[in-house]
Amino acid sequence: MKKIFWPILSLLIFSFSIQDEPQCNTAKLRDRSPFPVGVAINTEKLKDEENYWKIVPVQFNSITPERIMKPMYLHPKKGVYDFAETDHLIDFCRQFQIRLHGHTLIWHKSLPTWIENFKGDPKEWEDLMKDHIQTIIRHCKGYIKSWDVVNEAFNDDGTLRKNIWLKNIGDSYIEKAYRYAREADTSALLFYNDYSLERYGSKFTAVLNYFKSLKAKGIKVDGIGLQMHVTLDYPYISDIDQTAINLQEEGFMVHYSELDIRLNEHGLFSSKKHLLELQQQRMQVIVKGFMKLKPQYRFGITFWGVSDNDSWLTEKSMRARPLLYDARYKIKPMYCGFIEALR
Ligand code: G3I
């Protein structure tokens, strides 16, 4: 037993400690890609983290704020909006010609306590929602041209999530949110954003049918954000691709809006090097699938963070390693997978 144990242990230690230096052309993603390549930004890090400045404006031409445009930050008190952070981010994006995608107007999370505790009849709730949507869109209209208007409104089984908006306004809150958003900016691209849609299952069918029915009523929703928090082997690439193609067929733009590929749910005894190679291959097929869409349907691919250190998944497991850069902001093989798919 001892004889087998030590060689295996040293192999594992070796594979976890080697430096992975991917051999790929480190040309800028934003220049190489025929569609926008985005990243979720933690604005605190944009202030303090030098690597952010070295990487973000060079590699990406689309930004989604990870937090600062959520209701608890933008609308902290009744009648009080705080656009300071958003305005700084707009300045940054303008300086480097980066698209800024608004995320997110109506969600069941990241609400300020005053909204969570708000007491009112359906009309008062609808007025609150209308004011929230329209004040934010109108303030940002000079720069932001696309919005996640409603986020994560469906359950996995395709039923509507019984969130604070549905409970107080009724099922029609989604439709109303898009009407008010459109009223505030007639030319903005309005998106619905959700997770697990790329599994091509009952949640996707329900969302697609719902937004087709809005379209039939004359409410224009331009695109769907597939969040794409995926693993190395789930969902199947055929399902991801089919989801995107179906959206295109129904006339919706496609945003892979929060992409990360987590490693920690794969085999227990796979070496880090092997997992990073699988992640590179996974990245490649995902981008290849996206490239099959017609150019006018490709809103873009956005990564949910710059480095593994920034990811929301790292809070749960250090072994998730889901993004393009490692914790020290070095390019990972996954980055090369993206570049290779563009060839
Ligand atoms: O920075 C504070 C820290 O100082 C404090 O000690 C700690 C205590 O909880 O909180 C830290 O802030 C948290 C922050 O993440 C950074 O970790 C916030 O509480 C927490 O709410 C915030 O979570 C964000 C979450 O949305 C809720 O807004 C995540 O960063 C962000 O990645 C996540 O993004 C969502 C998308 O918007 C929608 N789709 C799912 C996606 C992942 O959950």
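The ligand sits in the largest pocket. A pocket here is an open set of points on a 1 Å grid over the protein atoms alone, where a 1.4 Å probe fits, with protein on both sides within 12 Å along at least five of seven lines. To sit in one, a molecule needs more than half of its atoms within 2 Å of the grid points.

This is a predicted model: local features need pLDDT of at least 70, side-chain atom pairs count only at pLDDT 80 or more, and totals for chains, interfaces and linings use all residues. Residues are numbered from 1 along each chain, and side-chain values use heavy atoms, without hydrogens and water.

Around the ligand stand 13 residues (a heavy atom within 4 Å). Glu66, Lys70, Ser110, Glu258 and Glu315 are the closest. The shell holds 6 charged residues (Asp, Glu, Lys, Arg), 3 nonpolar (Ala, Val, Leu, Ile, Met, Phe, Trp, Tyr, Cys, Pro) and 4 polar (the others, Gly among them).

Polar contacts pair N or O atoms within 3.5 Å. Lysine 70 places a polar side-chain atom 2.6 Å from a ligand oxygen. For serine 110, the distance from a side-chain N or O atom to a ligand oxygen is 2.7 Å. Tryptophan 304 has a polar side-chain atom 3.0 Å from an oxygen atom of the ligand.

How values were computed
Polar contact = N/O pair within 3.5 Å; in protein donor to acceptor, adjacent residues only side chain to side chain. 1 Å grid on protein atoms, 1.4 Å probe; cavity = no way out; pocket = protein on both sides within 12 Å on 5 of 7 lines; lining within 4 Å.
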